[in-house]
Amino acid sequence: MIGIILVLGVVPRLSHLGRPYFLDFHAWRQADSAAFTHGYLVGSWNPLSPSVDRQPCKEKSAPFGRVEAELPIVPYLAALPLRVLGVRDASAPYLRAVSILVFVLGCFALFALVRELEGDALDGLFAVAAFCSAPLAIFFTRSPQPDGQSLSVAIASVLCLARYLNHGRARDAWLTCACLSALLLMKISNAYLGVPLAYLVLSQRGARAALRDLRVWIVAIVACAAAVAWYWHAHSFAWSFGIWAESPHDKKFASVGLLQDFAKWKKLAARLRWDILTASGCGLTLLGIAARSSTRCVRVAIVWLLSALVFVVVTMNAQLRHIYYQLCLIPPAALAQAAGMRWLWDRAALGKLALGLVVALHGAITASVLWGNSPHASVEGASYFTEDLRLREPIDALQQLLPADALFVTTERDPRLYWNSHHRGYFCDSKKVPDLVRCSNGTSGYLLLGIKARARLSELGAFRKAFEPVWQGARYSLYRRSARQNQKSPLNNVE
């Protein structure tokens, strides 16, 4: 039966699997994450030296693409077979398929977790069905981003700890250590899971026994030490995505004023009842908590869900900007929804009919969020699989006009331009001609200007002397260093 549910869960994730570009919902972050696999293919094979496809011109002297980030474990694993085969580009369909495989493994772990938490097979099947069908999870568990992938690792961490507490096997303790270490390395924000893990230990062993369990302490210390060591190392890289820095445009934590803004709470609530769980999912979650809170599985779900909700509130600035940060709500909600579905299922024919209506409503909302044509298809605006095709023009131009492996320079930070065109490059925040000329030294000599930079620079005499037009589109234009300019190197490979 679980095989049927998994097939039904995978099918919507195969939607538009073959698209060659990342141009749909949150494609910016998808392209950034995909770039790590590309970096392992064309750059260093060392997992501790990840690189992306872009770098600031001001950091041009540093090793290319080294950026302070979480450790890209899945991108590295995805790169391994391709690197062995000599493949230099990981396609978008391949990266989506890898993420779907990670999701499937997470489903098996979720089913096993329910059984370890004293649920039966039907409870496990309902939990997997809920996890499979959440609209936000459908989209982001097929994305190359670590956010969806880490859900499976989080579930595996809870499963391994539950098995250790139930059976006392050393191997389960070390598996917990491995999963928890990977979880923190993939996304440091996954530290919120420490609360339900601690609850598992304390509720089953008690505080005194837990303090005497050396293995539990080793697991916690090793996982935290691995995370500290990695982020200390990554902090030495040339530039940052802003994991730790609080720039004006990348604030993560909530403020008193933000917490008092009713409109922000309204947006988060709207996301929850539409994009994240749907109204049906919210109702089943509440029903499961109310009807079966005495069961161990639901008690763990409540603590897990509360911990995730606290994380959402504390980091509200980031949460409002990136809806995929709320993926952490879905696994514990799936456990509670399973309890709600089981309660309805046990209410004979009338309960099964009610469950069928709830599922039908859930399906309708999910279809709207993922594939709807209305501008109100999702709380975020367009449906998730809708592509922003405005970048096709410059992407096609870069593919057609640049030599293979050529580095280019642009005034744009947008990672979609780099990964989708299969080229790496530098972005220049300065709009001064000497800075652009200096940055283009040692590259292929190609310069891509966005519409604002083009309007500012294209009529300047110094710019026209330094660069000649090659291609012009509606929003971007491509230039090449003038033959009159003495370039240091006509072409520079990635590494």
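## Second largest pocket

The lining of the second largest pocket holds 19 nonpolar, nine polar and one charged residues. Here Ala, Val, Leu, Ile, Met, Phe, Trp, Tyr, Cys and Pro count as nonpolar; Asp, Glu, Lys and Arg count as charged; the others, Gly among them, are polar. This is a predicted model: local features need pLDDT of at least 70, side-chain atom pairs count only at pLDDT 80 or more, and totals for chains, interfaces and linings use all residues. Residues are numbered from 1 along each chain as its sequence is written, and side-chain values use heavy atoms, without hydrogens and water.

The lining has 29 residues, and Ala129, Ala130, Ser133, Val359 and His362 lie nearest the pocket's centre. Two or more lining residues come from each of α1 (2-13), α5 (121-133), α14 (278-292), α17 (330-345) and α18 (348-371). The most come from α18, with nine residues. Helices (H or I, at least four residues) and strands (E, at least two) are DSSP runs, numbered from the N terminus. The space in this pocket is about 660 Å³.

## How spaces are found

The search uses a 1 Å grid over the protein atoms alone. A cavity is a set of points where a 1.4 Å probe fits but cannot get out. A pocket is an open set with protein on both sides within 12 Å along at least five of seven lines. Lining residues have an atom within 4 Å of a point. Points are joined across faces, edges and corners, and a volume is the space filled by probe spheres set on them.

## Cavities

There are three cavities of 30 Å³ or more. The largest cavity has a volume of about 100 Å³. Its lining includes Asp147, Lys187, Tyr324 and Cys328. Helix α7 (residues 146-167) gives the largest share, three residues. Seven lining residues are nonpolar, three polar and two charged.

The second largest cavity has a volume of about 50 Å³. Among its lining residues are Ser33, Val74, Leu95 and Gln149. At least two lining residues come from each of α2 (27-42), α3 (73-85) and α4 (92-116). The classes here are seven nonpolar, four polar and no charged residues.

## Confidence

The mean pLDDT (the predictor's confidence in each residue, from 0 to 100) is 94, and 96% of residues reach 70 or more. Over residues 486-495 the pLDDT is below 50. Beyond near neighbours in sequence, that stretch has 32 contacts in the model, a contact being heavy atoms within 4.5 Å.
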